[in-house]
Amino acid sequence: MSITTKSRTLISRPAAVLLGSLIAATGAAGVLTATAAHAEVVGTAEVSPATGTDTSGISLTTSKACPDAATNLIVAVKGSGFPAEGQNVVGNSPLSTYGSTADGGLIIPLSQTMRDYANTAGFTTLKGRYDFTVTCRTAFNGTSLGDFTAPIWFTSNTAYRNTDPAGPTATPSSTAPTSTGSPSPTGTASPTDTASPTDTASPTDTALPTDTASPTDTALPTDTAAPTDTATPGGGSQGISTDVSGGGSGGGKGSLAATGTDIAMAGVASALLVAAGITVVRRTRGREEFPGTDTQNV
């Protein structure tokens, strides 16, 4: 008995209570740490319709399927008016309950409206951004195996849209991506004007052919000069000479009047001499034209 009593007095009641509190706190912290460590965003979700009101029916579509280990899901919403840890809008449900897209994404219709969820949370004004979180899990373990998030924005107490009215914000990246675009092309130099072709020199007119010199008329044969009287055969040359001197008055030396010759007789003699000369010439030409027929005088 004394030994037992001594053992019980080693730890007082206040000390035992304090020790128990520490153990419980440590265990709870371990559970919370484990749950947070396993929560991981594995994709996104989209709210449909893209625009609506506080009383519109809403559905969520995830970008892909839950991880293979997941069998169930839950959905919570956070934002102005809701608890900081979020308010469940879809309870723990088997994945097989929902339809899927061609890419394996889950289609999850919400059973109530945003106005209903606001009333449940105890507030009346919907404003700003609200985030839905789809958590993939197992039926009996609340640890997240992967989360999908989908935001909406209430631009008034009764209207929402699924895109940020302030515009998209750039998602920061750990390293700035290098530009893959082709460098801006440098301006192509404006082509210089092609020199205008010089006009081809107009061909010079082909020189007109000079007129062929008109052939000179062939000179008509000149009449054969009348042959001079040839010497009569057997005799000397014949000559006719008339020497008329003196003036008309008969006063000059050697005139017919001075000689006392009868002028009439002289004229007759002259005429006979001329006739004789003509006869001789004709006979001479006849011999030249017909030499074979002409016989010499003996």
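## Aromatic cluster

In this predicted model, one aromatic cluster is formed by F82, F123, Y130, F154 and Y160. A search of the whole structure gives four aromatic pairs. In one of them, F82 and Y130 have ring centres 5.7 Å apart and planes at 85 degrees, so the pair counts as edge-to-face; the cut-off for that class is over 60 degrees. This pair links distant parts of the chain, with F82 in the loop between strand 4 and strand 5 and Y130 in strand 8, 48 residues apart. F82 and Y130 are both buried.

F154 and Y160 form another aromatic pair, with 5.8 Å from centre to centre and 45 degrees between the planes, and this pair is tilted. Both F154 and Y160 are buried.

## Nonpolar core

The largest nonpolar core contains 31 residues. The residues with the most contacts inside this core are L60, L73, V75, M114, Y130 and F132. At least two core residues come from each of strand 1 (41–48), strand 4 (72–79), strand 5 (87–94), strand 7 (106–109), helix 3 (114–121), strand 8 (128–137) and strand 9 (146–154). In soluble globular proteins, nonpolar side chains tend to be buried together.

Which residues does M114 touch, not counting those up to four places away in sequence? They are D54, I58, F82, L126, Y130, F132, I152 and F154. Y130 and F132, listed here as partners of M114, are also among the residues with the most contacts inside the core. F82, Y130 and F154, likewise touched by M114, belong to the aromatic cluster.

## Strand pairing

Strand 4 and strand 8 run antiparallel and are joined by eight bridges. In this pairing, G79 stands opposite Y130 of strand 8, the residue whose ring also pairs with that of F82.

The pairing of strand 8 with strand 9 is antiparallel as well and extends over nine bridges. Here V134 is placed opposite F148 in strand 9.

## The loop at S56

S56 is located in the loop between strand 2 (51–53) and strand 3 (59–62). Is S56 buried or exposed? With a relative accessibility of 17%, S56 counts as buried, because the cut-off for a buried residue is under 20%.

A polar atom of the S56 side chain lies 2.8 Å from the backbone nitrogen of T53. Apart from neighbours within four places in sequence, S56 is in contact with T113 and Y160. Y160 is itself buried and is a member of the aromatic cluster.

## Cis peptide bond

The peptide bond that joins S48 and P49 is cis, with omega at about 0 degrees. P49 is in the loop between strand 1 and strand 2.

## The chain as a whole

The protein chain has 298 residues, of which 20% count as buried. Its secondary structure consists of five helices and 10 strands. Of the contacts between residues at least 6 apart in sequence, 58% join residues at least 24 apart. The accessible surface of the chain is about 21900 Å², and carbon and sulfur atoms account for 58% of this area.

Key. Residues are numbered from 1 along each chain as its sequence is written. This is a predicted model: local features need pLDDT of at least 70, side-chain atom pairs count only at pLDDT 80 or more; totals for chains, interfaces and linings use all residues. Side-chain values use heavy atoms; hydrogens and water are left out. Helices (H or I, at least four residues) and strands (E, at least two) are DSSP runs, numbered from the N terminus. Buried means under 20% relative accessible area, exposed over 50%, partly exposed in between (1.4 Å probe, protein chains only). Contact means heavy atoms within 4.5 Å. Accessible areas come from the Shrake-Rupley method with a 1.4 Å probe; for residues, only the protein chains shown count as cover. A nonpolar core is a set of buried Ala, Val, Leu, Ile, Met, Phe, Trp, Tyr and Cys residues joined through side-chain atoms within 4.5 Å. A polar contact is a pair of N or O atoms within 3.5 Å; within protein, one must be able to donate a hydrogen and the other to accept it, and residues adjacent in sequence count only if both atoms are side-chain atoms. Two strands pair if DSSP finds at least two bridges between them. Rings of Phe, Tyr and Trp (its six-membered ring) pair if their centres lie within 6.5 Å; planes under 30 degrees apart count as stacked, over 60 as edge-to-face and the rest as tilted.
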